[in-house]
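Student: Please take me through this structure one feature at a time. I would like the general idea first and then the case at hand.

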Amino acid sequence: MQPNLNMVIDQVGKDKNIERKVLVQTLEQAILTAAKKCFGQHREMEAQFNEDTGSVDLFLIVNVVEQVQTPGREIAIADARTHGLEAEIGDELLFQIFYRPEDMDKAEEQDERFGELLDLKNAHKSFGRIAAQTAKQVIYQRVREAERENVFNEYKDRKGELITGIVRRFERGNIIVDLGRAEAILPVREQVPRESYRAGDRIVAYVLDIDKAARGPQIVLSRTHKGLLEKLFEMEVPEIYEKIVRIESSAREPGARAKIAVSSRDRDVDPVGACVGMKGSRVQAVVQELRGEKIDIVPYDDDPARFVCNAIAPAEVSRVIIDAENHRMELIVPDDKLSLAIGKKGQNVRLASQLTGWKIDIHSESKIRELEAHAKAAMASLSGVGHDQAETLFKLGWRSVLDLAEAVPEELAAVPGLGGLEAARRIIAESRGWLEDERKRQVDAQREAQRRAALTDDQKLLEIKGMDRDVLAKLKEAGVNTVADLARFDDDLARLEKSLEGQWDAAKLVHWAKVYLGELPPGTPEP
């Protein structure tokens with residue numbers, strides 16, 4: 001005797017948190033699928049769960065017609081009356097198929113009466129076993145689908161939140177996390193390289209996604225997402241949770257360093273102080289959860305320049321040049337603060353750029369002075385523009401020959417001491433010629449560099465002015481194998497003179513080696 005399925009349905013529904021209605025429909029569909037496989041897909045059948053008996057009743061539906069065209073779905077009116085059925089053409093007859101062991105007597109009685117008519121003689125004997133196997137497979141599959149559906153429905157609204165679980169196992173580098181009623185996956189790409197876990201460890205992670213179509217765990221976690229940083233602060237800082245303090249933006253290099261920009265809606269509440277907490281207690285709790293990741297908390301400012309300066313802290317900024325069109329800023333910092341502003345391997349400036357959304361270039365004051373002097377000298381080299389005019393143009397915003405080439409003549413003509421509209425047009429035309437010449441010089445320099453790259457070290461040395469093979473032989477004895485080796489003798493000319501035995505001028509050779517390398521302009525006088 002088969003077990004009463006009512007108890008099975010109730011138990012599975014309770015254990016797997018699946019509605020009874022869903023399981024009943026699954027059973028009916030399973031029996032119907034098995035029946036069509038056994039009796040033929042062309043037959044019209046129906047399965048209904050019987051609450052009283054706790055089993056699924058199966059029915060075959062046939063239509064009464066004058067002449068049969070679809071065997072299995074139709075019976076002739078004459079055959080129906082021959083078998084004692086009171087039916088008319090167009091009637092739909094319902095025959096129950098008895099397949100359970102306890103209904104064996106009813107099945108044999110039906111076979112005797114309607115076996116030939118329905119073409120089902122002894123079919124119930126094989127169907128019972130097939131029904132059980134198919135029902136088992138379909139139910140297992142449906143239970144898995146229902147479980148996945150429940151997980152999706154339970155966690156779909158938790159995307160973007162923090163979740164706590166226990167590390168259960170490792171699969172190809174991915175960490176499987178037990179959340180209690182479901183499992184989640186922490187993929188390799190979302191793990192912090194310096195963090196390591198063992199089975200049984202507690203883990204706090206950010207819910208990155210709920211993937212309904214995933215073959216494995218549907219809940220995708222992350223330990224690298226910046227949302228983890230923000231949510232941890234929200235947990236530790238009540239003012240953030242209450243919306244008094246707001247996280248404007250954040251940036252992370254997971255495991256190393258992070259920056260977070262905060263603002264306050266209440267003038268009496270210091271956003272940075274609220275996040276730091278008494279003696280740093282709040283920020284330290286976040287740092288501890290992130291396994292020692294350094295965190296910079298910076299005040300947000302509506303002024304982009306001030307915000308960028310805050311973001312680049314702890315470095316001080318002397319001057320800011322804003323290129324709003326290209327969404328770029330140039331920060332000028334003191335020479336001794338340059339490495340601090342850039343950070344280890346460019347980390348500080350990279351995080352500041354991510355935090356503010358601006359492209360940031362950092363230059364030292366000495367480098368800027370050098371670049372400015374070069375730009376002013378280039379402008380002063382144009383006819384009609386002296387050093388004083390170049391200084392004036394630079395202060396008024398024309399900071400390079402390129403700026404002059406792209407200038408509007410009427411605007412340029414308004415500069416005092418430049419000579420009016422005609423002079424402005426002449427300067428613009430000459431600037432364009434200068435740029436074309438500069439482009440040609442760069443092309444020539446590139447070709448020269450390519451030519452030199454194909455030479456040997458000895459061939460390069462022989463190209464230096466005043467060099468011949470006798471000098472080269474003496475230099476080789478002194479340990480000079482490259483042009484760069486010769487240029488470095490600037491601080492030890494006496495030793496070089498001794499190696500050359502006074503036959504050649506060591507200072508001139510070093511001078512022309514530096515010219516060859518581009519360390520000195522070609523027109524620099526010989527020593």
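Tutor: Start with residue classes: Ala, Val, Leu, Ile, Met, Phe, Trp, Tyr, Cys and Pro count as nonpolar, Asp, Glu, Lys and Arg as charged, and the others, Gly among them, as polar. This is a predicted model, in which local features need pLDDT of at least 70 and side-chain atom pairs pLDDT 80 or more, while totals for chains, interfaces and linings use all residues. Residues are numbered from 1 along each chain as its sequence is written, and side-chain values use heavy atoms, without hydrogens and water.

Student: What is the volume of the largest pocket, and which residues lie nearest its centre?

Tutor: Rolling a probe the size of a water molecule over the atoms shows where empty space is left. A pocket is an open set of points where a 1.4 Å probe fits, on a 1 Å grid over the protein atoms alone, with protein on both sides within 12 Å along at least five of seven lines; lining residues have an atom within 4 Å of a point. Here the largest pocket has a volume of about 520 Å³, the volume being the space filled by probe spheres set on the points, which are joined across faces, edges and corners. Its lining has 15 residues, with I321, D323, E330, R399 and D403 nearest the centre. By class, seven of the lining residues are nonpolar, two polar and six charged.

Student: Which elements supply at least two residues of that lining?

Tutor: Helices (H or I, at least four residues) and strands (E, at least two) are DSSP runs numbered from the N terminus. Those supplying at least two lining residues are β13 (319–323), β14 (328–333) and α13 (365–380). The largest share, four residues, comes from α13.

Student: In what order do β13, β14 and β15 lie in their sheet?

Tutor: Strands pair if DSSP finds at least two bridges between them. The order is β13-β14-β15, in an open sheet with mixed pairing. β13 and β15 (359–364) are its edge strands, each pairing on one side only. β14 and β15 run parallel over six bridges, and R328 stands opposite K359 in β15. Helix α10 packs on this sheet, touching β13, β14 and β15, and its direction makes about 55 degrees with that of β14.

Student: Which strands close into a barrel?

Tutor: The barrel has five strands in the order β5-β6-β7-β9-β8, and its pairing is mixed. Four antiparallel bridges join β6 (residues 174–178) to β7 (residues 183–186), with I176 partnered by I185. These two strands form a hairpin with four residues between them, and G180 in the turn has a positive phi of about 105 degrees. On another pairing, β7 meets β9 (residues 219–222) in the parallel sense over two bridges, where I185 stands opposite V220.

Student: At what angle do the axes of α10 and α12 cross?

Tutor: Two packed helices are described by the angle between their axes and the distance between the axes. Axes are lines fitted to C-alpha atoms, for helices over the stretch in contact, and angles run from 0 to 180 degrees between N-to-C directions. The axes of α10 (residues 304–311) and α12 (residues 347–356) come within 9 Å and cross at roughly 145 degrees. Their contact (heavy atoms within 4.5 Å) is made by F307, V308 and A311 of α10 and N348, A352, L355 and T356 of α12. By class, it has five nonpolar, two polar and no charged residues.
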